[in-house]
Amino acid sequence: MQKTINTTWENWLGADDWNVFATLNFGSLQLLEGNKIDTSAKVWRSCLSTVDRALYGATRKAQPRFNRVVFKHYGEDGKNPHIHILAKAPINTDEFCIALNAIWATKFGPTANPISNSITPLITAKGATGYSQHEEFQNDTGTFDERLSYINLGDPHFVR
């Protein structure tokens with residue numbers, strides 16, 4: 001069953017031309033106030049929204065977003081919240097990686113420094129998808145995060 005699910009994910013994600021794989025970690029979980037799961041999700045949403053606004057500008061209605069698929073993990077002990085992102089950079093891939101790392105590492109207090117994150121051009125979608133799935137069966141809901149993911153099937157958004 002697990003192999004079938006992983007193969008399905010690999011086939012679905014392999015159909016697109018992702019070019020960035022990122023892992024966003026926290027450096028100090030003590031700085032996450034209250035429920036660490038809820039707080040970490042808010043920080044991730046805020047970070048990705050900041051990147052979207054930097055790329056596309058702020059809008060009052062439907063905020064354009066960069067294409068991404070996000071998998072939320074908590075580590076073997078369930079106490080290490082982090083996410084893995086497959087993304088399609090709407091600008092030069094290296095510049096996108098630098099911008100995402102800079103925003104994640106400097107704008108939010110509890111985030112890990114750049115050396116503790118992995119935000120790089122994608123080597124293989126199959127490898128990244130497989131790695132993103134390694135915690136898929138550790139919880140009842142899986143690891144795919146639909147609130148953090150975004151896929152635009154229409155015309156590309158205009159990058160400012």
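My entries go from confidence to one helix and then to a pocket.

**Ground rules.** This is a predicted model, where local features need pLDDT of at least 70, side-chain atom pairs count only at pLDDT 80 or more, and totals for chains, interfaces and linings use all residues. Residues are numbered from 1 along each chain as its sequence is written, and side-chain values use heavy atoms, with hydrogens and water left out.

**Confidence.** I looked up pLDDT, the predictor's confidence in each residue, from 0 to 100. The mean for the protein is 81, and 79% of its residues reach 70 or more. Helices here are DSSP runs (H or I, at least four residues), numbered from the N terminus.

**Helix H3.** I found 15 residues in H3, spanning 21 Å from first C-alpha to last, close to the 21 Å expected at 1.5 Å a residue. That expected span is 1.5 Å times one less than the number of residues. Which residues of H3 are buried? I noted Thr93, Phe96, Cys97, Leu100, Asn101, Ile103, Trp104 and Ala105; buried means under 20% relative accessible area, exposed over 50%, partly exposed in between (1.4 Å probe, protein chains only). At the start of H3, a side-chain oxygen of Asn92 comes within 3.0 Å of the backbone nitrogen of Asp94.

**Val159.** I found Val159 in the segment after H4. Val159 is partly exposed, at 22% relative accessible area. Val159 and Pro90 are 69 residues apart in sequence, yet 7.2 Å apart in space, C-alpha to C-alpha.

**Pocket.** Pro90 also turned up in the lining of the largest pocket, alongside residues including Tyr56, Lys88 and His157. A pocket is an open set of points on a 1 Å grid over the protein atoms alone, where a 1.4 Å probe fits, with protein on both sides within 12 Å along at least five of seven lines; lining residues have an atom within 4 Å of a point.

Key: Helix = DSSP H or I, 4+ residues; strand = E, 2+ residues; numbered from the N terminus. Polar contact = N/O pair within 3.5 Å; in protein donor to acceptor, adjacent residues only side chain to side chain.
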